[in-house]
Every structure is written in C-alpha cells, then in structure tokens.
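The following paragraphs are meant to be read beside the coordinates. Please keep the sequence and the model in view throughout.

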Amino acid sequence: MDFDLTEEQRLLQDSVARLLTDKYGFEQRKAYMKSAEGWSRDIWAQYAELGLLGLPFAEDEGGFGGSHVETMLVAEQLGKALALEPWIPTVVIGGGFLRHGAEAGLRAELVPQIAGGELMLAFAHTERQSRYDLNDVATAAKKDGSGWVISGRKGMVIHGDSAGKLVVTARTAGGQRDAKGIGVFLVDASHSGVNRRGYRTVDGQRAAEVELSNVPAEAVLGNPEDGLALVDQVVDETIVALAAEAVGCMQVAHDMTIDYMKTRKQFDRPIGSFQALQHRAADMLVQLEQARSMSYFAAMGVEERDPLERRKNMASVKVQIGRSARFVGQQSIQLHGGIAMTMEYAVGHYFKRLTVNDAMFGDADYWVRYLANAGGLVTAA
Amino acid sequence: MELRFSEAERAFRQEVRDFIAKELPKETRERMLAGKSPTKQMVVDWQRKLNARGWAVPEWPREWGGPDWTLGMRYIFREELQMAPAPQPLAFNTNMCGPVIAEFGTEEQKKRFLPRMANLDDWWCQGFSEPGAGSDLAGLKTRAVKQGDHYIVNGQKTWTTLAQHADWIFLLVRTDPNAKKQEGISFLLCDMKTPGITVRPIITIEGGHEVNEVFFDDVKVPVENLVGEENKGWDCAKFLLGNERFGQARVGASRERIRRLKAIASTESMDGGRPLMEDPDFARKVTEIEVELKALEMTVMRVIATESKRKDKKPDPATSVLKIKGTEIQQMCSELLMKAAGPYAWVDGDPEAEGSNDIDVAPDWAFGLAGVYFNWRKQSIYGGSNEIQRNIMAKAFLGL
C-alpha cells in the first residue's frame, strides 16, 4: 500500500500543473470559451508537446504507455483548471476504443495523429431516448458489401463538433435495448452523410447533435455483433478520468471557499470564525477526502479482470464522487453567498462542471440503483 | 503508487484468519455475532490466547512484547478480528495506558505493569471524563494533593467504561489548580481496591451496564504511580488520544455488520412475502453504506501509507474523516439491522444475558438489535464528539 508517485509521475503532474497555471487562468479560460471552437488549439498543441495526447497508448505505437494512475493525475489537473479541450473524448474514450477494439494497423495510422494533436475524436453514443443506458441503441448499422453503413441520430456528443472522427455505436442486430447486437464503428466526421449541430453545454464544454445518413464505417472496433462489453470497458476506464477531474474541481472549490471564509468579514469578523460555517467547511473536507479516496480506488478497481466486479467497482466510484461533488459544489456556493451566484466569479463554474461531471455516463442515483441490483459490494454472511 | 496490500501482507491476513478460525471459541463468536458485548471472561481468555501467540499488544515496542508489525499489518489484524467477529485486545490496556507507560513510564513501572497488562492479568479502565469535563477534557477538577509518599485524590470520574471489571484505573487529576488548564494536570495509576473508591453503575438507554461513575474520596495513591512528570499529564493524554488514529474507522466491524445485515435481509421474507433485500428502497440504503465504507477503507489506506512514512507525526488531513465517517457508518448499520428486524426488534431483553435469546420470543437474529442501535448512538459522542472533530478540522486543517 503506497500512494507515493514515481519520479516520472511527479514530473508529469508538475508539468501539467505548470502549463495550466500559466495558460489557464480564469480570464484566459473565458477567452478560450468565447473562441470559435470553444477551446484552445494552442493549448492543445502544448498538451501534445507534454505527451498528454499520447498518454495511454503503447510506446511502440507512438504513445507513452501511461497507466490509469497517469490518466488520473492528468485529469485531476485538467479539472482544477476547468480545461475545455477535448482530452477525455479524444484520449481517454476514443483512445480507449482504439486500444481495446482497433486492429494494429489502424492504431499505427491513428495513434501518431492523436498524439501529435492533429486528430480529435468524440464518442457518439447517447440517443434521445437512451438517457444513461449503454445498451439502448436505435441507430442502425447495415451490412454493405464487406463494410457497414450507419444511419441514426446521436445526441450530446461531447466535443462532437470539432472531432475529426466519431466513434459511433449502432445496432447490427436485435431490438433497441438488447445487450447483444451493438457494434462500435469509426466514422469520418466530415463525410457528407454526417450532419453536425454544435452547441455549448452549461459547463462551458462543446457538444453536438449528430445525424448520420448512410455513412460508411471506416473501421469496426471490436466485435460488430457484440460490442457492448467493449463499450462497458471503455466507459469504466473513462470513469477513472471523470472521478479525478471531479476531485480536481472539488479541491479548488473547497480551497476557494476556505480562502473566502478567512477574508470576508461580516459582523466585524471573518465569517470563517462562525462555528456553523466551520462545521460545514469540515463536512466539505470529509466529502472531498472520501472522493479522493474513491478516485484512487478507481485507478485500482478498473483493473479488475471480471467485468461484473469491475463494473461494480466503478459504480461505487460514481456514487461517491457524485455525492461528494453535489455536496462540495452546493456548499461552496452557499458559504460564499451572493458573490458565488455571479458569472464573473469562478466558483460557480466549478459547481457547474461538477454537476455535469456527476451526470456523465450516469449520475450517482443511477449507479446506486445499478449497484443495489447487482448485489452491492459486500457479500452476505 | 501501489494500491494493493503486498504479498507478505496478504499472507499475514491469512495467518491471522486461520488463527482466529482455529482458536476463537464458538460461544464468543456467536455472542458477538448477535451484536452483544463479549463477557469479561471471554475477553480475558481471548486476550491470553493472543498474548501466547505474541499478538496481544500490536502497538507496543518490541522489548515489551510488541510484534513489530507495520501499520498495514496492525490494520489487517484489527480488521480480521472485527470481521470474525472476535474481541479486540482490551483497548484500555493495550492501546491507551500501555503505550503511555512504555513512552513516559519509569523502568520500574514498565516491569511492574506492562506484562500483566498484556496478559490481561489486570483489567484497566480509563478515568478521564468528569461530569464537568466532557468535550472540554482539560477542564477536569478531580484533585490530587501530594502528602508525603502519596497523592490524596478527591473527585469524580464518569462514563468509566467497564469499571465494574477493573483492577486498575489510569487517571487524569489536577495537581496544580493555579496553573493554566492544561498545565496543572498529572497522569496517575490507581489500584481499584484502594479504600475510598466507589463505583456506581450508569445504565444506558438500551438497559446495558457498560459505563460507571467512579467516586474518589481521600484515595491514597503512592507517588511512584505518577507517570511522567507532575503537571505534565496532558502530554500523556495527548499522546494517548493521538495514538492509533485509524482505529476509530472500524472498517472491519462495519463490514461484518453489513454482511450480517444482508444475510438477514436476504433470507427473512417480510415485505409482501419477498426478502427485504428486494425492496429497492432498503437495498439502496444498504448500497449507499457499502459505498461509503469502501471510500472509508481507502481513506484508511491513505492514512496508513502517509503515517508509515511521516517523521513529524503530523496527522494527514484524511485522518479527521475517519472518526466522523467511521461512526456514521456504524450507526447507520445498526439502524438498518434494527429496521430489518421489524417489530421483533422491540423485545426488551436483558442485554447482559447469556445465550442469544433469554426470553425466547423473537427470532434469535432479531434479538437486541434495537438495543445495539440505541447503544451505538454513543459512537458519535465518545472519543471526541463528531462536533469536536469538526472543530479540530476547521482549526488544524483549514486554518479557520
């Protein structure tokens, strides 16, 4: 049991932190958000330089061979800065599908493009009716000669508007909610059959509604008749990044709140001298530390070989992170008071990011329900 | 970063588990499974078995019988005892007074007290709290006045756990009433058979006799029973309270309760003929607790990892989580167990009685569950109430 970082991990963490401290102040972030794409190509190029874009890929394929711990470290820093770039969709999600589902030839072609910052990916999965259920897929893939042609509508495709390629789930067989018969396909986002409508989400990210009409798949990722296990695995790995990102957000929201409590005076004394507020701040710290613990657990629990046990691990991560994020987010607003309600003040933006983070791939309530149905974590005796 | 126990630690866990399986008397285990405290004899017998194995005093220095375990091994040992469930080595002897004597005591004191403490030849109790000194412990008033070779002790201690079994008591007393609160306190060891000591039971809301009032009326304590220097007793108290910071999390104990809870709620059908565990609301409550417990377990791991390496003895901010979350989870477990029993949780049996169901009305497993629920409200009060914990966090970690 050892939570210390290796020298390389510490260097990675420090270099990301330094870049973001220099280039990702609150005002700078605002400017990136207002730009046409809603994030910064310049920063993206610097991520590439630091090796963040090739992080999880094997070294002999042009990556850096990073483990889940490295993913966690980077995601936490990006969370602290509320970074807007498509790192999770491209590197963690898209990268995950390539690592687990693509043939070596395809990886040899795409990994260098991703690591170099030229190619962005997005995961086109959610549909209007599917909410958080990964098995609910109506978009259809039809056999066409040796390949597949995809038609359907995907929504809330995070960073779908700037992606060069989309990872699309589509049904190859069975009914809309069947676990079997889901395929995962790689699609050229600029194909004439792809119609994208980009928009901003409440937390400042970008997303797109994507309509696919007879779009040929460039590649099949995994087994086209039985791809849900692949989706599950990639989503579980993404939860490592989401948990760490949330911890980064919570840390900053908590720090800001404590600082504010020390400086803001009412009744001639700092509001941090009032016990009611001190105890709330202490409760925020409890929630933050429990979340941090589960972020570590995520990096460990995702390596579980049995897919059901792995999923249960990650469900528990989502539950704790979601619960903590809600409490820390809401209380950081409450303890600040009115100032936190303003768009001009940073803490509200952390709250918004935390709120969206909780709901990504299912919120805490969703995963409690899942975990309860799956028998929980502790065996009866 | 290695987030798993090592091979050696896993082997150690198996060794502890095998030992418990072989040596723990069935009656002790069953009584504890039913949620009751083990009897005095059960605790004594078990601690002597542990002592014979060299495991009774994990926190002590090697020369006084400590096994020289890593913090990780100590944690594993306690967790296995809690999950069995088996009695812990008596905390007053092994976690509280023993380490204080080993750290601050004279050679004489160590030789005289430590071996008997380890073997539970003497049962110790803790004389800290007073009617006027609870959360504000340093406000204690029990006086000790030096007269020749003795201190004359007058005053009252309260909430003295298992004083009815005790042979000895370790005491915080005021030796300098004119000094600042923390600076006039001394740490004394006192034979419970000394004339002038009266023990009066306090019956707690569930009907159990666990705690007592202890009155001191001109009690003579030989000066050689002073530990450390006179008026420096607060250092001993702080050392004692700072010891074993991860002990209060009691992850193993909660896991044992959840196992029990799920077994009961899975087999007993009571909700429209279906097992209670199939009630989505109930299942969800259990699941929420399981998740919190998993997070707490990881927090304990973090504390162990940092404390193993830390030289400055400063606690990790995560330590503050342990008491608050550890007790909240245990209390929630006791509440859900009571709820699982439904109306049969209401039987008001004798919590001290031998056997699992002395009046034979409720199903065995249901007996006493409400009592445990009522009794466990103490957890967020003792050991520095959870509100005091929040004060500590606000000051020490948040700088408020």
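Is B:Lys22 buried or exposed? B:Lys22 counts as exposed, at 68% relative accessibility, where buried means under 20% relative accessible area, exposed over 50% and partly exposed in between, with a 1.4 Å probe and protein chains only. The side chain of B:Lys22 meets that of B:Glu23 in a salt bridge, at 3.3 Å from N to O; such a bridge is a side-chain nitrogen of Lys or Arg within 4 Å of a carboxyl oxygen of Asp or Glu. B:Glu23 is partly exposed, with a relative accessible area of 22%. Elsewhere, salt bridges with shared partners link B:Arg13, B:Arg17, B:Glu79, B:Glu80, B:Arg255, B:Lys294 and B:Glu297 into one network.

The model is a predicted one, in which local features need pLDDT of at least 70 and side-chain atom pairs count only at pLDDT 80 or more, while totals for chains, interfaces and linings use all residues. Residues are numbered from 1 along each chain as its sequence is written, chains are lettered from A and ligands numbered from 1 in the order in which they are written, and side-chain values use heavy atoms, with hydrogens and water left out.

UniProt, in an unreviewed entry, places "domain: Acyl-CoA dehydrogenase/oxidase N-terminal" at residues 6-118 of chain A; positions follow the numbering used here, feature names are shortened, and annotations may be inferred rather than shown by experiment. Over residues 6-118, chain A is 68% helix and 0% strand, helices (H or I, at least four residues) and strands (E, at least two) being DSSP runs numbered from the N terminus. The UniProt annotation "domain: Acyl-CoA oxidase/dehydrogenase middle", also from an unreviewed entry, covers residues 122-214 of chain A, where the chain is 0% helix and 54% strand.

A salt bridge within chain A joins A:Arg99 to A:Glu237, with the closest N and O atoms 2.9 Å apart. Because A:Arg99 lies in helix H5 (residues 87-101) of chain A and A:Glu237 in helix H7 (residues 228-263) of chain A, the pair ties together parts that are 138 residues apart in sequence. A:Arg99 is partly exposed at 26% relative accessible area, whereas A:Glu237 counts as buried at 6%.

In chain B, strand S1 (residues 124-127) directs B:Trp124 and B:Gln126 one way and B:Cys125 and B:Gly127 the other, all of them buried. S1(B) runs parallel to strand S4 (residues 168-174) of chain B, with 4 bridges joining them; strands pair if DSSP finds at least two bridges between them. The bridge partner of B:Cys125 in S4(B) is B:Ile169.

The interface remains to be described. Contact, meaning heavy atoms within 4.5 Å, involves 43 residues of chain B and 46 residues of chain A. The two chains bury about 4100 Å² between them, 66% of it on carbon and sulfur atoms; buried area is the accessible area (1.4 Å probe) that two parts lose on being put together, summed over both. B:Met1, B:Arg302 and B:Leu400 supply 19% of the area that chain B buries against chain A, more than any other three residues. Between the chains there are 6 salt bridges. One of B:Arg302's contacts is a salt bridge with A:Glu289, the closest N and O atoms being 2.6 Å apart. The largest share of the side of chain B that touches chain A, 16 residues, comes from helix H9(B).
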